[in-house]
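Q: I am new to this structure and would like a close look at one part of it. Please start with the aromatic rings, and then lead me on from there.

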Amino acid sequence: DLRSIVFPPPSSPTSSAIDDTACAQPAIFVIEYALAQLWLSLGIVPSMMIGHSVGEFVAACLAGVMSLDDALDLIVKRGRLMGSLPRGAMLSVRLPESRVRELLDASLSIAAVNAPSLTVVAGPIDSIERFEEVLSRESAVCRRLATSHAFHSQMMEPIVPEFKAACSQVQLSIPSIPFISSLTGDWITSHEATDPGYWARHVREPVRFSDGIGRLRSVHCSLLEVGPGSTLTTLALQHPANNQAAEREQLVLRSLSGPN
């Protein structure tokens, strides 16, 4: 029961199970989906969407690409498969993707590009430790992320075939609401949305959130973060495209407060 993990009784110590990816991914999904349903019940209907990793499954579910039951099954399967792999680490680096690629060794992967100068690297723990030393010599700012595994990296390769098989068992439909693809940073196509291989590559390929925000901010829209915390709100506000958007009085809002 996720409620006992997300909302432990006041008298109980905070459960560490929320740090387990097998629990964390379903928890993220249900909180985002529930918040979306709350906004919909209040008459706030999205004209377009973007999701960061698990969030794209929520967007796909809201757009009718997959049913809620199928999406939940896939997210549980995804979390368990990822959790079965050797542990890894992820590092947020305040450098452009191009520069980070020049510094990487073969054991590390670009896991996400969250802003033009904010790149996430993932891989084995010892490789991340060595990379931190490299960045220190470069005087580059970096920060470890609180993750158990090296998501969106080559360490995820072993589970791609099994997750693709699971995605192949799901009915996938053309989206009724446009949303941004995490894999391309552009509008998802009907072919991508209905391709089991696309959703399988999701576990391995980098999240191109920065490109996606740039694409969204090129049209007149207000952004509403629908999920736990305010990380994506912060990234959107820091994106250079926000400067042009501000001239058109566009808003960036969040649903929930941060952890502090």
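A: Rings of Phe, Tyr and Trp (for Trp, its six-membered ring) count as a pair if their centres lie within 6.5 Å; planes under 30 degrees apart are called stacked, over 60 edge-to-face, and the rest tilted. This is a predicted model, in which local features need pLDDT of at least 70 and side-chain atom pairs count only at pLDDT 80 or more, while totals for chains, interfaces and linings use all residues. Residues are numbered from 1 along each chain as its sequence is written, and side-chain values use heavy atoms, with hydrogens and water left out.

The structure holds 4 aromatic pairs. In one of them, the ring centres of Phe 57 and Phe 163 are 6.4 Å apart and the planes stand at 55°, so this pair is tilted. Helices here are DSSP runs of H or I with at least four residues, strands are runs of E with at least two, and both are numbered from the N terminus.

Phe 57, Phe 163, Tyr 198 and Trp 199 form one aromatic cluster.

From the rings, let us move on to a histidine. His 152 sits in the loop between strand E5 (142–144) and helix H7 (160–168). With 5% relative accessibility, His 152 counts as buried. Contact means heavy atoms within 4.5 Å. Leaving aside residues up to four places away in sequence, His 152 touches several others, among them Ser 53, Arg 78, Ser 109, His 202, Arg 204 and Glu 205. A polar atom of the His 152 side chain lies 2.9 Å from the backbone oxygen of Glu 205. (A polar contact is a pair of N or O atoms within 3.5 Å; within protein, one must be able to donate a hydrogen and the other to accept it, and residues adjacent in sequence count only if both atoms are side-chain atoms.)

The backbone of His 152 deserves a look as well. Most residues other than glycine have a negative phi. His 152, although not a glycine, has a positive phi of about 55°. Ser 139 is not a glycine either and has a positive phi of about 60°. Ser 139 is placed in the loop between helix H6 (125–137) and E5, and is exposed, with a relative accessible area of 66%.

A salt bridge is a side-chain nitrogen of Lys or Arg within 4 Å of a carboxyl oxygen of Asp or Glu, and the structure holds 10 of them. Arg 204 and Glu 157 meet in one, at 2.8 Å from N to O. Arg 204 lies in the loop between helix H9 (196–201) and helix H10 (209–216) and Glu 157 in the loop between E5 and H7, so this pair ties together parts that are 47 residues apart in sequence. Arg 204 is buried, with a relative accessible area of 18%, whereas Glu 157 is partly exposed at 39%.

Glu 97 is buried at 18%, while Arg 101 is partly exposed at 45%. Glu 97, Arg 101 and Arg 208 are linked in a network of salt bridges. Also in helix H5, Glu 102 and Arg 99 stand 3 residues apart, about one turn of the helix, with their closest N and O atoms 2.7 Å apart in a salt bridge. Glu 102 counts as exposed at 57% relative accessibility, and Arg 99 is partly exposed at 28%.

Key: Buried < 20%, exposed > 50% of the residue type's maximum accessible area, 1.4 Å probe, protein only.
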